[in-house]
Amino acid sequence: CNNHLESKTEILTPETTYHLYNRANGSEKLFRSEENYRYFLTRYQEYVLPIADTFCYCLMPNHFHFLLRVKPEAVLINYFRSRLERRPNPQGFKNLEGLRADLPRLLTLQFSNLQNSYAKAFNKMYKRKGSLFMHPYKRLEVNDTAYLRQLVHYIHLNPVEAGLVSAAGAWKFSSWHGLVSGNHSFICRNEVIDWFNDMENFIQFHTQEPIHAVQS
């Protein structure tokens, strides 16, 4: 597709929309229980919500998908500055003037911390050792509204395509319920629904067959 660009690196840039995804090593599972799914989302909200707006997600037994947009540079600088100022000896900074140049590393570090903190807790719970994730993470840059709609559909229909459930709404661990119900959620609900014009079209769009958007 010409409306998305795949990067071989994990560098993220402000005000850019990405399909971010990763999977477990080999035949391992990332999530073995409902508690695992909930814990991962808790860590996601801790590490990612301060730096990105989230539009869609799905957690599968052996992989995950998120559709998000990195926040504007000014918001990111304020966030990281406030964190650095709370530390007695900020690592990697003689002062805060180099913060803007170091944003790519700091953004990547947030996602690394998410995966590392989850893997550490997961390994402790199940008495396992070694790397849990196949790679740091992969991402696709998205710059087309039509493709955004396809990605939302693809992400929500992942469990259907995998044969785990018969409909998107039957899977507990995705953004579908937060978008459809209107209940409090960290998902940017209004913007997502606007991509489909209204809720009726959003639901109708999801009755189509699953789309093979990307190999995870």
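Predicted model: local features only at pLDDT ≥ 70, side-chain atom pairs only at ≥ 80, totals over all residues.
Figure 1. His206 counts as buried because its relative accessible area is 7%, and the cut-off for buried is under 20%. Ala168 is also included in this view: its C-alpha atom and that of His206 are separated by 7.6 Å, although the two residues are 38 apart along the chain.

**Figure 2. The protein chain as a whole, for orientation.** The protein chain contains eight helices and five strands. Read along the sequence, these elements follow the pattern β-β-α-β-β-α-α-β-α-α-α-α-α. The chain has 216 residues, and 47% of them count as buried. The remaining views pick out parts of this chain.

**Figure 3. Strand 4 and the strands paired with it.** Strand 4 is made up of residues 63-70. Which strands are joined to strand 4 by seven bridges? One of them is strand 2, residues 17-23, which runs antiparallel to strand 4. Within this pairing, Tyr21 has His65 of strand 4 as its bridge partner. Strand 3, residues 52-59, is likewise joined to strand 4 by seven bridges, and these two strands also run antiparallel. Here Ala52 stands opposite Val70 of strand 4. Strand 3 and strand 4 form a hairpin, with three residues between them. Strand 4 is mostly covered, since seven of its eight residues are buried. As a general point, side chains in a regular strand alternate between the two faces of the sheet.

**Figure 4. Cysteines without a disulfide.** How many disulfides does a search of the whole structure find? The search finds zero. Cys58 is in no disulfide, and the nearest cysteine sulfur, that of Cys56, is 7.8 Å away. A disulfide would need the two sulfur atoms to be within 2.5 Å. Is Cys58 buried or exposed? Cys58 has a relative accessible area of 0%, so this residue is buried. Cys188, in contrast, has a relative accessible area of 23% and is therefore partly exposed.

**Figure 5. Asp102 in a loop between two helices.** Asp102 lies in the loop that runs between helix 2 (73-85) and helix 3 (103-126). With a relative accessible area of 18%, Asp102 counts as buried, because the cut-off is under 20%. Which side chain is joined to that of Asp102 by a polar contact of 2.7 Å? The partner in this contact is the side chain of Arg105.

**Figure 6. The largest pocket and its lining.** Rolling a probe the size of a water molecule over the atoms shows where empty space is left. The largest pocket holds about 220 Å³ of space. Its lining consists of 14 residues, and those closest to the centre of the pocket are Tyr57, Ser174, Gly178, His184 and Ser185. Two elements give two or more residues to this lining: helix 1 (34-47) and helix 6 (176-181). Which element supplies the largest share of the lining? That element is helix 6, with three residues. By residue class, the lining divides into nine polar, four nonpolar and one charged.

Definitions and conventions
Residues numbered from 1 in each chain as written. Heavy atoms only, no water. 1 Å grid on protein atoms, 1.4 Å probe; cavity = no way out; pocket = protein on both sides within 12 Å on 5 of 7 lines; lining within 4 Å. Points joined across faces, edges and corners; volume = space filled by probe spheres on them. Helix = DSSP H or I, 4+ residues; strand = E, 2+ residues; numbered from the N terminus. Nonpolar A, V, L, I, M, F, W, Y, C, P; charged D, E, K, R; others polar. Buried < 20%, exposed > 50% of the residue type's maximum accessible area, 1.4 Å probe, protein only. Pairing = 2+ DSSP bridges. Polar contact = N/O pair within 3.5 Å; in protein donor to acceptor, adjacent residues only side chain to side chain.
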